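My entries follow in the order in which I looked.

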Amino acid sequence: MKLCMIGTGYVGLVSGVCFSDLGNDVICVDRDFKKIENLKKGIVPIYEPGLDELVLKNYQNNRLKFSTDLKDSISKSDIIFICVGTPAKKNGEGADLSQIFSVAKEIRSSIFKFKIIITKSTVPVTTGDEIEKIISQKVSKKLFSIVSNPEFLREGEAIRDFTYPDRIVIGTNDKKSNKILKNLYSPLISKGAKYVNSSRRSAELIKYAANAFLATKITFINELANLTEKLDVNIEDISIGMGLDKRIGGRFLRAGPAYGGSCFPKDTKAIVNTADKFGTNLSVIKSVIKSNENRSSLLLQRVFNILKSKVKNKKICFLGVTFKANTDDMRDSSCLKMIPFLVKKGALINYYDPTGEKNELKKLKKVSFSKNISSAIKYSDLIIIHTEWNDFKSINFKKLIQNKKFKIFDMRNIYSSTKMKEQKIKYFSIGS
Ligand code: NAD
């Protein structure tokens, strides 16, 4: 099939590349000229395990193309996926849909034969109705069908998630579009993915409901960790004991820093905003948002306690600064709250991240980047393990750190406190 992905970010690039790997002809379009030029040279703009190889393979096979020419790409395609950003509005009230609506206005002048137009971007319920209205101002409704097909991939596991999804949600009442899309996804359905055909509005809401629920699970276990810390109980035991109940499940039930990333923070706010507009109070999700916003302050308080309130001139090393492991994405990472605060209190911050130095931290004074773990931690008073990269799981701290009084605050509970005690290392974890 001939596909066009509009927006070549995490979602557009990963799904475009994977669709081409399934044998389709895919054009990935972006308005970012430099991004497209780089992709043509094989330079992939994001860190995603396995993506570089897959881009190269399919680009060389000629099944995958990159372009900045939207009109030309649409005229050559039968199925158009809108994968542009839907960030939170600056005033915090819901999703900013300006990229979506501007794409809808751009594509309507290039539709001369039947096209399926799909929102893969996460959009609030009823956005599909709006897109249909915009396009039908210039194009006969017989020539297009607007479908919602939300994407559930996770950064860091994106290729696996795309190739082996739990489910594929197709929101449309149009039988012809449903048949074509079932066919497009048939290689994944035959590997076990469940195919869910719902109304367009349902599909839009399924995505927000799923993200809000996962954010709630994380926040739930984070709050329980605050309690277990006071009870001499280990939160890891609680996670295991709860998670083995099949009705609950163990995933997204690990205590740690506040949830971040490009999805949960904005999507929880957007669903609350939608509900408010329709006169419904989603009080559970509202308190999840509040609790998560407070999480970084709580963890900073623990840092102060660990350092006995003597933060000034203390050398603090962050291992990992992205919002989670296996991604280079800094969007809404809790580090962006914690590091500036500690700098303000006089701490000297050094950090190492496997995905390199971060622009977001470059402008901060007294924050430096180290190129490897050993130089990052060498002179530290406190090491904060902020993400759970495999690279951080077997560090010989005693050998590498010169200051023998160093302390560790493991925000991902990747080390055993018993083993740390045996080595006489001052070790602090979450929820115990
Ligand atoms: P992103 O910011 O990484 O990429 C969006 C891309 O769209 C950018 O490259 C931008 O230049 C391009 N773009 C914007 N307007 C354009 C236009 N008019 N023409 C061509 N290109 C244009 O965003 P993302 O992380 O890929 O997210 C995209 C959507 O998918 C969002 O709605 C997000 O919520 C959703 N989503 C993201 C993830 C994730 O893990 N990142 C997972 C599931 C769903």
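**Entry 1, the sheet.** I began with strand S9 (residues 315–319) and strand S10 (residues 348–352), which pair in the parallel sense over five bridges; within that pairing, Ile-316 has Ile-349 of S10 as its bridge partner. I note here that the model is a predicted one. Widening the view, I found that S9 and S10 belong to an open sheet of six strands with parallel pairing, whose order reads S11-S10-S9-S12-S13-S14. Strand S11 (367–369) and strand S14 (426–429) stand at the edges, and because each has a single partner strand, one side of each is left without a neighbour in the sheet. Averaged over this sheet and with direction ignored, neighbouring strands are turned by 20° against each other.

Helix H13 (residues 283–306) lies across strand S12 (382–385), strand S13 (407–410) and S14, and its direction is at about 165° to S13.

I listed 21 salt bridges in the structure and followed a few of them. In one of these, Lys-2 and Asp-25 form a salt bridge with their closest N and O atoms 3.4 Å apart; this pair links distant parts of the chain, since Asp-25 is in strand S2 (residues 25–29) and Lys-2 in strand S1 (residues 2–6), 23 residues apart. Asp-25 counts as partly exposed because its relative accessibility is 36%, and Lys-2, at 38%, also counts as partly exposed.

Which residues are linked in a network with Arg-200? I found Asp-129, Glu-132 and Arg-201 joined with Arg-200 in a network of salt bridges. Arg-200 meets Asp-129 at 3.0 Å, N to O, a pair that links helix H6 (residues 127–136) with helix H10 across 71 residues. Arg-200 also meets Glu-132, at 3.3 Å, N to O, and Glu-132 lies in helix H6, 68 residues apart from Arg-200. With a relative accessibility of 14%, Arg-200 counts as buried, because the cut-off for buried is under 20%, whereas Asp-129 at 21% and Glu-132 at 24% are partly exposed.

Val-233 sits in the loop between helix H10 (200–228) and helix H11 (235–243), and I recorded Val-233 as partly exposed, at 30% relative accessibility.

How values were computed:
Residues are numbered from 1 along each chain as its sequence is written. This is a predicted model: local features need pLDDT of at least 70, side-chain atom pairs count only at pLDDT 80 or more; totals for chains, interfaces and linings use all residues. Side-chain values use heavy atoms; hydrogens and water are left out. Helices (H or I, at least four residues) and strands (E, at least two) are DSSP runs, numbered from the N terminus. Buried means under 20% relative accessible area, exposed over 50%, partly exposed in between (1.4 Å probe, protein chains only). Two strands pair if DSSP finds at least two bridges between them. Axes are lines fitted to C-alpha atoms, for helices over the stretch in contact, and angles run from 0 to 180 degrees between N-to-C directions. Contact means heavy atoms within 4.5 Å. A salt bridge is a side-chain nitrogen of Lys or Arg within 4 Å of a carboxyl oxygen of Asp or Glu.
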